[in-house]
Amino acid sequence: MRCDEKMSILEALAESDPEYVKLVRDMRQSIVDHDGSIPLSDYEDIKIERVVNRELEARHKSMIELLKMEMSRTEAERAPVLQLYHGSPFALEIAMNGFKADFIAIHSLFGEGIYFSSLSSKSNQYAWGNNFGTCPKHRDRACIVCPRRMLVCRCYMGKPFVPIRTNQPVPAGFHSVIAEPKNVPGLRYPEFVVLNTAQVPR
């Protein structure tokens with residue numbers, strides 16, 4: 001398959017591939033109940049595609065080097081790289097072209113940025129838009145016929161800010177937000193926010 005170098009190539013993983021097995025296991029182990037949400041106990045007919053995009057990878061590596069220059073050596077060594085989920089009706093577009101400024105959430109709990117979750121079930125809720133989105137064919141929020149797309153991303157968090165309340169401004173010098181329920185009153189599940197699109201290669 002040939003394509004513009006600025007676009008991605010999607011490589012389907014075989015079900016016997018160890019990476020496929022691990023990703024499916026991780027997805028299934030990160031399903032939890034959500035208030036007011038449709039019941040979800042498992043995923044069916046899972047197709048996983050690896051995103052290959054040299055330009056995005058190069059941009060990601062350059063961004064990491066720039067962020068490291070803003071941190072102390074200890075901070076750079078401890079900077080977390082997390083596997084996180086992102087649900088969006090634009091998942092295929094993101095996979096092909098990377099995250100863009102258009103995908104940055106503005107009026108959200110922890111300010112501007114791209115939001116991720118460590119729970120696949122939480123990101124699954126956003127596959128058709130916000131938490132109340134519906135499938136395009138049946139206009140059904142609980143549809144189990146139409147396929148959903150979700151991104152599994154490798155996120156470089158740089159120097160993360162740990163808030164103690166919602167809507168807390170992110171101070172200068174931080175590159176991400178890691179919000180934990182133990183630190184933020186009323187927060188039920190962890191929230192992860194990346195402030196620069198280049199921190200996520202795909």
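User: Hi! Which exposed residues sit on the face of H1 turned away from its buried side?

Analyst: Those are Pro18 and Gln29. Exposed means over 50% relative accessible area, buried means under 20%, and partly exposed is in between, with a 1.4 Å probe and protein chains only. This is a predicted model, where local features need pLDDT of at least 70, side-chain atom pairs count only at pLDDT 80 or more, and totals for chains, interfaces and linings use all residues. Residues are numbered from 1 along each chain as its sequence is written, and side-chain values use heavy atoms, leaving out hydrogens and water.

User: Thanks! What span does H1 have?

Analyst: Helix H1 covers residues 18-29, and its 12 residues reach 16 Å from first C-alpha to last, close to the expected 16 Å. That expected span is 1.5 Å times one less than the number of residues. Helices (H or I, at least four residues) and strands (E, at least two) are DSSP runs, numbered from the N terminus.

User: And which residues of H1 are buried?

Analyst: Tyr20, Leu23, Val24, Asp26 and Met27. They line one face of H1, because they fall within an arc of 160° seen down its axis. The arc is taken from the directions from the helix axis to the C-beta atoms.

User: What covers them?

Analyst: The cover includes strand E3 (81-87), helix H5 (120-124) and strand E5 (150-156).

User: New topic: where is Asp45, and is it buried or exposed?

Analyst: Asp45 is in the loop between H1 and strand E2 (49-52). Asp45 counts as exposed because its relative accessibility is 78%. Its phi is near 50°, a positive value in a residue other than glycine.

User: What does Phe116 touch?

Analyst: Not counting residues up to four places away in sequence, its contacts (heavy atoms within 4.5 Å) include Leu84, Phe99, Cys153 and Val200.
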